[in-house]
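Subject: Structure for you to look at

Hello,

Here is the structure I said I would pass on. Please open it first, then read the notes below it.

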Amino acid sequence: MKKPGSMKGLEDLGRVRLSRNFFFRDFLHSEIADFYRIPNIPDDPDLAIEAGRRLCEELLEPLEATFGRLVIRSGYRNRAVNGFGNANGLNCSTNAASAADHIWDMRDADGCIGATACIVIPWVWDRRGEIGGWQSIAWWIHDHLPYASLCFFPKLWAFNIQWHERPARRISSFIQPRGLLTKAGMANQAGRHEDAYAGFPDLRNVPKLTL
C-alpha cells in the first residue's frame with residue numbers, strides 16, 4: 001500500500017483489518033496530531049500493518065477476549081508526530097527510541113520491527129481496590145502472553161504494551177513502587193506468579209482471522 005495522499009486513501013488505510021476485532025483506524029488517533037494539526041499518516045503503511053497485526057493478534061485480542069473491552073489510549077505515531085512530541089516535552093521518546101515501538105513503520109537500530117499501544121483495561125481498573133496493585137495484571141501478562149515490554153502509568157493504570165520480534169520481556173512502572181519490576185536476568189523472570197493475580201480469569205484465546 002502506498003502512503004495515503006488523500007482523505008480517501010487515509011479512509012482505506014483505516015479500514016485495514018489488523019485482527020478479528022481491531023482495525024488500523026483504532027490506532028491512528030493522537031491528541032498531539034489533532035491539536036497541532038500534524039497528519040498522523042504512516043510513511044510505510046505495509047510495515048505498520050505487519051507490525052500492528054502482530055500486536056493485535058498476539059497481545060490485544062487475547063486481552064480483550066479475557067478481560068472484556070480494551071480502551072486504546074494511544075497507538076501508532078509517525079515520525080513527524082513523535083518527533084514533535086519529543087521536542088516539545090509531550091511525553092514522547094526520541095524517534096530512535098520509539099522505532100519498532102509507537103512508530104510502527106520504522107525499524108529499530110537492529111533492523112527489527114515492533115508495535116506498541118497504550119491501553120486501559122476497565123476490568124482491572126474497576127477492581128484496583130481488591131487486586132493488590134498494578135503488578136497483578138503485569139504478572140498475569142508476563143505468565144500468559146508473548147509481550148516485549150510493559151510500562152505502567154498512574155492514570156487509570158494505563159500501560160504501554162509492545163510486541164517486538166525480539167522481545168526483551170521487561171516491565172517497568174511510573175506507579176508506586178516506581179521502577180523496574182522485571183527484566184531478563186532477574187530471578188523473578190522465571191516460573192509462574194499466580195499468587196500475584198489470584199481470582200483473575202483464565203486466558204481466553206481468539207482464533208486468528210484469515211485476512
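In which sense do β3 and β4 pair, and over how many bridges? They pair in the antiparallel sense, over four bridges. Strands count as paired if DSSP finds at least two bridges between them. Strands (E, at least two residues) and helices (H or I, at least four) are DSSP runs, numbered from the N terminus.

Before the rest, a note on the source: this is a predicted model, in which local features need pLDDT of at least 70 and side-chain atom pairs count only at pLDDT 80 or more, while totals for chains, interfaces and linings use all residues. Residues are numbered from 1 along each chain as its sequence is written, and side-chain values use heavy atoms, with hydrogens and water left out.

The sheet

The strands form an open sheet of six, in the order β1-β2-β4-β3-β5-β6, with mixed pairing. β1 and β6 are at the edges with a single partner strand each, so one side of each has no neighbour in the sheet. On average, neighbouring strands are turned by 30° against each other, direction ignored. Axes here are lines fitted to C-alpha atoms, for helices over the stretch in contact, and angles run from 0 to 180 degrees between N-to-C directions.

β3 and β5 pair in the parallel sense over four bridges. β5 and β6 (residues 179–182) pair in the antiparallel sense over three bridges, and form a hairpin with five residues between them.

Two helices lie across the sheet strands. Helix α3 (residues 45–67) lies across β1, β2 and β4, at about 125° to β4. Helix α7 (residues 135–144) lies across β3, β4, β5 and β6, at about 40° to β6. Contact means heavy atoms within 4.5 Å.

The largest pocket

The largest pocket has a volume of about 1200 Å³. A pocket is an open set of points on a 1 Å grid over the protein atoms alone, where a 1.4 Å probe fits, with protein on both sides within 12 Å along at least five of seven lines; lining residues have an atom within 4 Å of a point. Grid points are joined across faces, edges and corners, and the volume is the space filled by probe spheres set on the points.

The largest pocket is lined by 41 residues, with R77, N91, H102, F153 and N160 nearest its centre. α2 gives the most to this lining, with four residues.

Regards
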